[in-house]
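Subject: Structure handover

Hello,

Here is the structure for you to open. Please read the notes below with it on screen.

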Amino acid sequence: MSSRPPASAAGGPLIALGALLGAAVGFAFGQATPGFLIGLGLGTAAALLFWLRHR
């Protein structure tokens, strides 16, 4: 029998979704770049929390 490694959980979609939603919200307020950066930061934080919880 071969032992399989545990399934890995991916947090990349959280980063991408945060960046896209942040840019969309920022665009609605006329500030796309700050919105993108804030969304990127929030998505990265969510991915890190996801990783810490599932490691």
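Helix H2 covers residues 32-54, 23 residues in total. At 1.5 Å a residue it should span 33 Å, and its end C-alpha atoms lie 32 Å apart, so the two values agree. The expected span is 1.5 Å times one less than the number of residues. Helices here are DSSP runs (H or I, at least four residues), strands are DSSP runs too (E, at least two), and both are numbered from the N terminus.

Some ground rules. This is a predicted model: local features need pLDDT of at least 70, side-chain atom pairs count only at pLDDT 80 or more, and totals for chains, interfaces and linings use all residues. Residues are numbered from 1 along each chain as its sequence is written, and side-chain values use heavy atoms, with hydrogens and water left out.

Now the overall picture. The protein has 2 helices and 0 strands. Of its 55 residues, 16% are buried. Buried means under 20% relative accessible area, exposed means over 50%, and partly exposed lies in between (1.4 Å probe, protein chains only). The protein exposes about 4600 Å², and carbon and sulfur atoms supply 72% of that. These areas come from the Shrake-Rupley method with a 1.4 Å probe; for residues, only the protein chains shown count as cover.

Back to H2. Its buried residues include Gly-35, Gly-39, Gly-43 and Ala-47. The buried residues of H2 pack against helix H1 (12-28). Contact means heavy atoms within 4.5 Å. An α-helix has 3.6 residues a turn, so residues three or four places apart point the same way.

Leu-48, Leu-49, Trp-51 and Leu-52 make a nonpolar patch of about 450 Å². Patch residues have over 30% relative accessible area and no salt bridge; like charges are joined within 9 Å, and nonpolar side chains (Val, Leu, Ile, Met, Phe, Trp, Tyr) within 5 Å. A salt bridge is a side-chain nitrogen of Lys or Arg within 4 Å of a carboxyl oxygen of Asp or Glu. Leu-52 sits in H2. It counts as partly exposed because its relative accessibility is 47%.

Next, H1. It has 17 residues, which should span 24 Å at 1.5 Å a residue; its end C-alpha atoms are 25 Å apart, so this agrees as well. Which residues of H1 are buried? They are Gly-18, Ala-19, Gly-22 and Gly-26. Seen down the axis of H1, they fall within an arc of 95°, so they line one face of the helix. The arc is taken from the directions from the helix axis to the C-beta atoms. H2 is part of what covers them. On the other side of H1, Pro-13, Leu-20, Phe-27 and Ala-28 are exposed. Just after H1, Gly-30 takes a positive phi of about 80°.

Ala-23 touches Ala-32, Gly-35 and Phe-36, leaving aside residues up to four places away in sequence. Ala-23 and Gly-35 are 12 residues apart in sequence, yet 4.9 Å apart in space, C-alpha to C-alpha. Pro-34 belongs to H2. Pro-34 is partly exposed, at 38% relative accessible area.

One more pair. Ala-16 lies in H1 and is partly exposed, at 40% relative accessibility. Ala-16 and Gly-39 are 23 residues apart in sequence and 8.8 Å apart in space, C-alpha to C-alpha.

Best wishes
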